[in-house]
Amino acid sequence: MMEKSKRQMNSTYSIIHELIFTLSGFDSGLFKFENGIYEINGALPLTPGENKLIEKVLKIATNYRRLKNFSEDNCNPIYSQSTHKYGTNTKVYFLALCSGIEEVLEPYRKAIVHLENEILLDPSKSIMFVLQITEEYTVLLHLLNYAVDQIELKGNDLNWCHIMEILQSSPCVRSHNSEVAFKRIQKRCHSIFLKQLSVWLIYGELFDTEQFFITKDQREDIPGEVEMVHINSVANMYTAYSVFKMNPSQLPSYIPSSLALDILYIGQTVVMIKQKPSNAKTGLYEHDEHQDFDIWSGKEKDYLSELREIEDGDSFQIERLKLLVKSMRQHLTNVLWNVAVKDADLLSEIKTVKDLLLLGRGEIVSEFIKMANPILKQPPNTSRLRAAQKSLKEAICSISTRDEVLLNKFIMYFQLDCDLTGWDCIALKFQVKWPLHLLFTEDMLGKYNSVFRLLLKVRRAQSNLLEVWKRQMEDKKIRGCEANTQLGQLRRNFQFVIDNLHHYLQFDVIEVQFSQLIKSIKETDSFEEIKNFHCLAIANILTQAFLQTAVKQEGLVQSQHAVMNCLQTFLDMNFEFCEFAMQAIEGVQPSSNGIESKLCELEHNFMSQVGVLKNMLTIVQCQTSALALSQLLLRLDVNDWLKKNVIS
């Protein structure tokens with residue numbers, strides 16, 4: 001009996017020894033690893049209960065073996081430098097993941113060594129003892145295998161963001177040990193992320209664009225320069241700094257997009273400051289080695305220290321990172337404010353842009369219209385563009401030889417290649433001092449030019465009416481009386497509406513908005529707020545000038561379009577009237593009956609169109625409650641003018 005018991009104990013000891021070998025991730029004679037799992041290789045002289053215990057231990061050994069194979073295969077330096085089945089853009093994070101798995105498996109390995117020592121000291125230990133020692137790692141090994149399975153499912157589509165997401169998301173329940181282990185693995189991956197973040201935030205550099213949520217635009221940066229323009233071409237006064245963008249597919253879900261955009265802004269601003277043009281006239285970018293110190297004013301050490309503390313934390317401290325990024329962004333916006341307002345003389349630049357693009361210098365505009373009208377009333381082409389550009393410079397010089405700023409700052413181009421006249425396509429490109437190109441972007445320039453063309457059309461209408469008046473006065477002197485009172489009255493009616501429209505656009509809208517903009521700029525020390533104030537001012541001008549096409553209220557958009565169409569029709573009617581009036585005064589029209597008939601038609605169209613305009617303006621005024629628009633309606637209806645002169 002004792003002999004039988006001794007044989008059983010030796011058999012159990014041998015089985016336990018084989019189990020320990022298996023738990024270490026190796027093959028043994030009694031247990032084989034096939035099809036990704038450990039199985040009993042033949043029958044064992046054990047009770048059914050002991051077999052059940054063996055199966056539980058083998059599940060633990062299977063999970064460990066899978067993890068061991070995964071980390072060994074992918075932590076091999078030679079292998080990791082080659083193309084592997086988990087994608088080519090995850091190497092650094094993949095190595096961090098594997099090294100993290102190796103780190104958290106170390107306690108398990110120590111437990112197996114401890115188990116082996118216990119068995120050597122006491123060969124009578126049972127299979128239950130083996131399970132008791134290893135069972136506490138069951139949950140951890142299972143969850144790690146689950147994470148590895150999710151990674152393997154991604155295959156070639158795997159990127160670093162997937163790794164971070166898989167580690168962050170957890171199946172139903174985790175033990176304390178597994179929570180700690182996953183945090184350690186995450187810490188290794190987050191350490192790489194925070195190092196990338198540090199380099200980007202402080203220096204504006206990307207050392208691995210394939211494993212970060214910020215990437216550089218693939219297009220080549222063109223050195224900024226003034227170039228000759230032609231139809232369908234826009235002059236690049238100087239190219240903006242290198243363009244970076246956020247790739248949402250590379251952004252883990254636990255990092256808010258608002259935080260990511262702030263991070264993008266900070267690094268891109270640092271890049272821009274480091275690429276400050278060495279020559280403002282040519283716009284050529286050269287790196288200034290002294291700029292690095294000026295960007296952060298010595299605070300970069302504190303920021304780097306804070307980032308290291310976040311990196312050393314037991315878990316990813318997203319709230320602490322948000323506060324740090326907010327502080328860095330505020331510092332940069334203050335730096336930009338100081339450069340923009342003081343060094344670049346923002347207020348002076350705004351005035352210069354307003355003087356020409358928004359027709360603040362009316363005398364220059366009037367002279368330009370006289371000189372350029374024969375050129376721009378024809379379809380656009382390259383030669384007419386050059387002639388119009390020359391006319392603009394001559395108009396500026398004829399008013400004041402001291403306006404060198406206006407002469408050198410603006411260049412003309414045709415925005416559209418079409419059958420319209422040059423007046424319909426004209427646009428201006430302008431060069432502003434660095435870093436004001438952040439305010440006067442291409443999109444903003446397009447908005448300025450929309451207002452510019454509308455104002456030019458109104459001023460041309462006024463100019464044409466003035467020419468008709470002059471010709472009438474000359475004819476009156478010759479004849480001793482006004483030749484056609486009906487024509488004179490219709491001219492005065494056109495003049496009344498267009499003068500009030502011009503006053504509304506130029507003074508009630510543009511002057512009011514720019515006065516508020518300048519006041520707001522003087523009251524803030526934040527460049528971000530200046531950008532917001534500027535965008536708001538231009539948006540208000542577009543809305544109040546009926547040029548806004550991106551209004552949230554759909555009905556208001558339709559009303560805006562209706563008013564603008566009505567205004568365009570009215571201005572075209574004015575041009576038609578002026579052309580007819582000049583012919584009538586000069587005796588080109590064949591008969592007085594023809595003149596009377598045409599005047600009656602023009603007068604009827606005038607009254608109808610002004611009635612439509614009045615109704616449209618009233619609708620928009622009700623929708624927006626705009627004070628400036630109320631003033632326009634009040635001016636048009638002075639002394640009940642609308643009631644007397646329009647067809648309702």
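This is a conversation about how the terms used for this predicted model apply to its residues.

Colleague: What should I know before we start?

Modeller: The model is predicted, so local features need pLDDT of at least 70, side-chain atom pairs count only at pLDDT 80 or more, and totals for chains, interfaces and linings use all residues. Residues are numbered from 1 along each chain as its sequence is written, and side-chain values use heavy atoms, with hydrogens and water left out.

Colleague: How many helices and strands are in the chain?

Modeller: The chain has 24 helices and eight strands. Both are DSSP runs numbered from the N terminus: helices are H or I with at least four residues, strands are E with at least two.

Colleague: What share of the residues counts as buried?

Modeller: Of the 648 residues, 48% count as buried. Buried means under 20% relative accessible area, exposed means over 50%, and partly exposed lies in between (1.4 Å probe, protein chains only).

Colleague: Why is Thr215 called buried?

Modeller: Its relative accessible area is 17%. That is under the 20% limit, so Thr215 is buried. Thr215 lies in strand β3, residues 214–216.

Colleague: Why is Lys245 called partly exposed?

Modeller: Lys245 has 44% relative accessibility. That falls between 20% and 50%, so Lys245 counts as partly exposed. Its place is in strand β4, residues 244–246.

Colleague: What does Lys245 touch, beyond residues up to four places away in sequence?

Modeller: Phe213, Ile214, Thr215 and Leu264. Contact means heavy atoms within 4.5 Å.

Colleague: What makes α4 and α7 roughly parallel?

Modeller: Their axes cross at roughly 30° and come within 8 Å. Angles under 35 degrees count as roughly parallel, over 145 as roughly antiparallel, 65 to 115 as roughly perpendicular, and the rest as oblique. So α4 is roughly parallel to α7. The axes are lines fitted to C-alpha atoms, for helices over the stretch in contact, and angles run from 0 to 180 degrees between N-to-C directions. Helix α4 covers residues 91–121, and helix α7 covers residues 160–168.

Colleague: Which residues make that contact?

Modeller: Tyr93, Phe94 and Leu97 come from α4. Trp160, Ile163, Met164 and Leu167 come from α7.

Colleague: How many of them are nonpolar, polar or charged?

Modeller: Seven are nonpolar, none polar and none charged. Ala, Val, Leu, Ile, Met, Phe, Trp, Tyr, Cys and Pro count as nonpolar; Asp, Glu, Lys and Arg as charged; the others, Gly among them, as polar.

Colleague: What is meant by the largest nonpolar core?

Modeller: A nonpolar core is a set of buried Ala, Val, Leu, Ile, Met, Phe, Trp, Tyr and Cys residues joined through side-chain atoms within 4.5 Å. The largest one has 195 residues, and Phe193 and Phe577 have the most contacts inside it. Helix α21, residues 554–585, gives the largest share, 14 residues. Leaving aside neighbours within four places in sequence, the contacts of Phe193 include Tyr93, Trp160 and Met164.

Colleague: Is Cys161 buried or exposed?

Modeller: Buried, because its 4% relative accessibility is under the limit. Cys566 is buried as well, with a relative accessible area of 4%.
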